[in-house]
Amino acid sequence: MAGATPEVSICTWPFDAPFAYSMTYDEGTVDCLANALPVHEQFGFPGHVDVVAGQLGRRRQGWGSSLNDYVHMSAEELRFLLGKGWGVGNHSWSHYIYPTQAGLDLWREVVWSKYTLEDQLQHPVRIFTIPNDKHNYEPVLELVKQHYIGCAYIDGAPNREGFDLYKIGNFMVASGEISPHYDWKRELLTDNLSLEFLRDSWLYETSHLVMWNVPQAHKCVTPEDLTRRFARLQDISDGRLWAARPDDVLDYVRLRRSVGLNVIHATPEKVTFEFTGAWPIGTMDARLCVRVTGLRPATDVSVEYLPSPLPGGTLFGPGDSTRAGNNTYFMLAAVPGARVTIRAHGGGEAAEVTDGDG
Ligand SMILES: [Zn+2]
């Protein structure tokens, strides 16, 4: 059937979500487990905690820390959260302060702590979060780049196209006033949030304690304010935001930056393209969301992977697709070198086309 040639492209965020969103908690104290988790479950947003690896399950004893004596979650509690679909990152071994902390060993803070944390969690730890303040960033940056896929910074949210994976812009979610000493824009306050400001970005943000009477209102949040913020984010996006763990967003961004797509053949019934580029080392979720604009409406869609030009197996199966208007979306394993054919079956007025590949 004659029809406009469909267009095939990789979505900035899955299913053309207007922005990506990650909420994280530094320190990983037990109140977060008790008071933040239920709010996340109410909205279906996964969370993420960045933990002090040397103090799991213990009262906090950080060098000069204002949150000392609050209790960190144990490895078992963190494994429980991982089972709930949350993520865990490393917030260093001791919540170090460079260079004044006695006996400071940056290799232990960044590297050894990661691997002992992974042993305890039986789960990869791929994100490092700078403790305390900006002065702790530069001294560890090279070590972080060697062992992690991303590094969360102190301020600078939201993250827009081309952002530095090793300086992820952050916003402090708090019930009190935000500090004027950081690059935190007033547009990020809950009442000021707008789709225009966040469009296409990744809003990455952090709080600390989650309690009804927060002891430090400039860096901690009440469950009520957290609920209000999530509701606002859903509101401004019509529920279409991509709420995801930082691990998943980083996988997606890294893949999008290193894997491309080359259309070989496209008709309204059948689209063939190949993934180009290479997988970045350390990828856990290798899926990208592909948008086909102009595939004809169908009762069934199938997806076929041909290994050409690499040797390997062929995959064929029903396509897990979502239709919105003229767009059909597919979450596909973005295998570099694989040739993918998407076919529309049934439901349309046109008979299936059996033309050869172009
Ligand atoms: Zn911290």
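**Close-up views of a predicted model**

**Figure 1. A right-handed β-α-β unit is formed by strand 5, helix 4 (residues 141-147) and strand 6.** The crossover is called right-handed because, with the strands pointing away from the viewer, the path from the first strand over the helix to the second runs clockwise. Helices (H or I, at least four residues) and strands (E, at least two) are DSSP runs, numbered from the N terminus. This is a predicted model, in which local features need pLDDT of at least 70 and side-chain atom pairs count only at pLDDT 80 or more, whereas totals for chains, interfaces and linings use all residues. Residue numbers start from 1 along each chain as its sequence is written.

**Figure 2. Strand 6 has parallel partners in strand 5 and strand 7.** Two strands are taken to pair if DSSP finds at least two bridges between them. Three bridges link strand 5 (residues 127-129) to strand 6 (residues 150-156), with isoleucine 127 opposite glycine 150 of strand 6. The pairing of strand 6 with strand 7 (residues 168-172) rests on two bridges; here glycine 156 faces asparagine 170 of strand 7.

**Figure 3. Four strands make an open sheet with antiparallel pairing, in the order 1-12-16-15.** Strand 1 (7-10) and strand 15 (321-324) are the edge strands, each pairing on one side only. From one strand to the next, the twist averages 25 degrees; axes are lines fitted to C-alpha atoms, for helices over the stretch in contact, and angles run from 0 to 180 degrees between N-to-C directions. Within the sheet, strand 12 (residues 287-293) and strand 16 (residues 327-333) run antiparallel and are joined by seven bridges. Valine 290 has phenylalanine 330 in strand 16 as its bridge partner.

Figure 4. Proline 99 lies in the loop between strand 4 (87-90) and helix 3 (106-121). Proline 158 belongs to the loop between strand 6 and strand 7.

**Figure 5. Glutamate 27 has a positive phi, although it is not a glycine.** The value of phi at glutamate 27 is about 85 degrees. This residue is part of strand 2 (residues 20-27).

**Figure 6. Domain 1 (7-12 + 251-345) and domain 2 (18-240) divide the protein chain.** The bounds come from an automatic or database domain assignment. Taken over C-alpha atoms, the centres of domain 1 and domain 2 are 33 Å apart. Four residues of domain 1 are in contact with four residues of domain 2, contact being C-beta atoms, placed from the backbone, within 7 Å. On the side of domain 1 that touches domain 2, the residues comprise one nonpolar, two polar and one charged. In this division Ala, Val, Leu, Ile, Met, Phe, Trp, Tyr, Cys and Pro count as nonpolar, Asp, Glu, Lys and Arg as charged, and the others, Gly among them, as polar.

Definitions and conventions:
Two residues are in contact if their C-beta atoms, placed from the backbone, lie within 7 Å.
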